[in-house]
Amino acid sequence: MKASQSTINDFFSMGSTMFSIPTYQRNYTWKKHNCTKLLEDIISISRNKKTHFMGSITYVIHLKDQENSLMQLQEFVIIDGQQRITTMMLLLKAIETKASDEIKEEIAKLLSLTRGQKLRLKPIKSDREAFDLVMSNRLRDIQGSSKIKENYQFFLKELDSYLQKGYAIEEIYRAFLRLKIVGIGLELGDDDPQVVFESINATGVQLTGLDLIRNYLMMGEDSTRQDWLYETYWIPLEEWLGVKDLNEFIITYLRIYYEDRLKEEEREIYYLLKSHHREHFPNDIEALMADMRGYGRIYQVFLEGHHNGLERSDVSSQDLAHLRKAIGILVQIKFGVAKPFVLRCARDFEEGRLGYDDFYEILQILVSYYVRRSVCKEPTMALNRILYTLYNSLGEVCATNLKQFLGKQFGRGIFPNDDRIKDAFATRNAYSLKSVCKFILLEIEKLSNAEPPREEELEVEHFYPQSPTQEWRDMVGEEYVEFEDKYLNTFGNLTLTGQNQKLSNKSYDEKIQLLDSHSSLHLNDYFINNTDSWGISEVLSRAQHLAESFCEIEIFKDLPKDYRIRELRKSLDSDLTFVKLSRISLPNGEKHYARNGSYLAKAVIDYLLENAREAFETYTSEYLPRYIYRDSAQAGARRRDGTLVVPFEKAGFYFVSNAALKSVGSNLKDLVQGCKLDPSAFVIE
């Protein structure tokens, strides 16, 4: 690194030296107040022969061969100070228009390398045309708005004003040449431009993560190479994705390589991309950019309204459209966490490692997995760990392996089965699911209606209104409080309609009449044909009807039983750690809700008292198991965090256990075996 102080005159007049603004830098953006300050500083020293420090300019030094010359050209690629140097060139050109022929000749040597044939400054592409037109005195040819044009015209006007006040153009010019800067030259091999740039950026106006990434990818190259990399790899990404989606793409791209280790802060993403370069594409920035471009082109398939992003010559356009539509559904239901896995599958598909049938089935499985989990209120955060690592977890990526993998999940990662779906349809606040709820109802409609209205024309509507009249409450009766608390927003009370404002909180009879007269949706035939009033029993009946329809839809299909290895084997004979409880199937075929350890203990012990009471009393009396308490005071003393106490007061005892499911299950297993029964006959669902 070489740092030296010099005047503008010395810096601009270096022989065979040009200044290049890197193609990845931001547009020229200096505002009028910046230009005013610069000119005022120059005027202030124009009559006292003093100097003024302008700041620093940092650049990377490259040597380039010149056409028709044996001499090499010294190129300073500016990494900090590009706004300042561009403005000074514009001011210098404005001074030239008002100067004597002698001064004009001097300025021409500062602005150009060789007698006006080649300009000394090469701005970025978006500013280059306007800058070149200003330098060639063709201001009127500049089309549209341009900061280059605006600031040049500002300088012309302000110079006229100062000349009218008695300042001489030569005084202003000589003061301009006396401005001082510190030039910081970095040499490749000896200095790391990116480290210097990061240090500069940390103290000034901070760039976005995307700016930092773009700069990093091209900073070490000369201007010709930068232009080529920018045009070949970066510009396509910007054109395909735009700034917002390009940011999202880079996060998704890095997830392919770093899975759940990525933290989504801007600086973290930037530093991880640098690590990615070193680890996966050492010393080959072009290979890294080519990899990003390849995934970026495919990423278009996630963007709304795009019909690009998935190509394969041996697959029909119709099949490609089916795949794009399936991926569009994942976007529609906001299953963003699946993007890295799907993007990697899409590339495998394009390169022939994944067939059409497998890929399409994989997409359907993912839709079903996410929708079922949403319906059953499974935590979405649990999907991060599963989905980000899914590609490598499968080994060979195919639909069969995906079904086997998801079938083994339990606890927070479970793939809910049809029984859980039917339970959830009765009680789930479906209205809170928004896009998922609407998607489910529309797919149910499609079961019997081949040509339903367009989705954008439909809204989710409450049959029993959100703001019910007294007439509605009278129809439901004394249970209306329970109805509004538990069932108002459930699937059974929701439908689709394009008549929301017309239906609103109209009475039951009025809604039935409007639906009969104006609704073409088969979904609403249920209200017309199957009800003559509305209450809890009716809403539960419709929820069951919708749940059964849901389970018939191909895109929502349950996993085949053969793949549900963990689910089939879970019983009181199993380790219940991480098991997500829903209900228990008893040896007599009865099923009971068992949402937690307390419900589980109640269901099992009630069964034993009814079906094996003599064995139960013999075992608990003779062996005195530690989890059975006869004394209410002792049981009450154990009622604290972490301890489960389930009363069986009519039978005169309490079940007391550590609340962890593993402990509850182990104690119940011991009790069942003590009653000479098989714990594997008590199946956990």
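Which side chain does Arg-47 meet in a salt bridge?

1. The side chain of Arg-47 meets that of Glu-171, with N to O at 3.5 Å. A salt bridge here is a side-chain nitrogen of Lys or Arg within 4 Å of a carboxyl oxygen of Asp or Glu. The two residues are 124 apart and link distant parts of the chain: Arg-47 lies in the loop between helix H2 (32–44) and strand E3 (53–65), and Glu-171 in helix H7 (residues 169–178). Helices (H or I, at least four residues) and strands (E, at least two) are DSSP runs, numbered from the N terminus.

2. On provenance, this is a predicted model, in which local features need pLDDT of at least 70 and side-chain atom pairs count only at pLDDT 80 or more, while totals for chains, interfaces and linings use all residues. Residues are numbered from 1 along each chain as its sequence is written, and side-chain values use heavy atoms, with hydrogens and water left out.

3. Accessibility classes are as follows: buried is under 20% relative accessible area, exposed is over 50%, and partly exposed is in between (1.4 Å probe, protein chains only). Arg-47 is partly exposed because its relative accessible area is 49%. Glu-171, at 27%, also counts as partly exposed.

4. A salt bridge also joins Lys-125 and Glu-231, whose closest N and O atoms are 3.2 Å apart. This pair, too, links distant parts of the chain, with Lys-125 in helix H5 (residues 125–135) and Glu-231 in helix H10 (residues 223–258), 106 residues apart. Lys-125 is exposed at 52%, whereas Glu-231 is partly exposed at 36%.

5. Asp-291 and Arg-347 form a salt bridge with closest N and O atoms 3.2 Å apart. Asp-291 belongs to helix H12 (residues 285–299) and Arg-347 to helix H14 (residues 339–350), 56 residues away in a distant part of the chain. Both ends are classed as buried, because the relative accessible area is 10% for Asp-291 and 17% for Arg-347. The two residues are also part of a network of salt bridges with Asp-348, Glu-351 and Arg-353. The structure holds 33 salt bridges.

6. Ile-512 sits in helix H24 (residues 508–518) and counts as buried because its relative accessibility is 16%. Setting aside neighbours within four places in sequence, Ile-512 has contacts (heavy atoms within 4.5 Å) with Phe-463, Phe-527, Ile-528 and Thr-531. The C-alpha atoms of Ile-512 and Thr-531 are 9.5 Å apart, across 19 residues of sequence.
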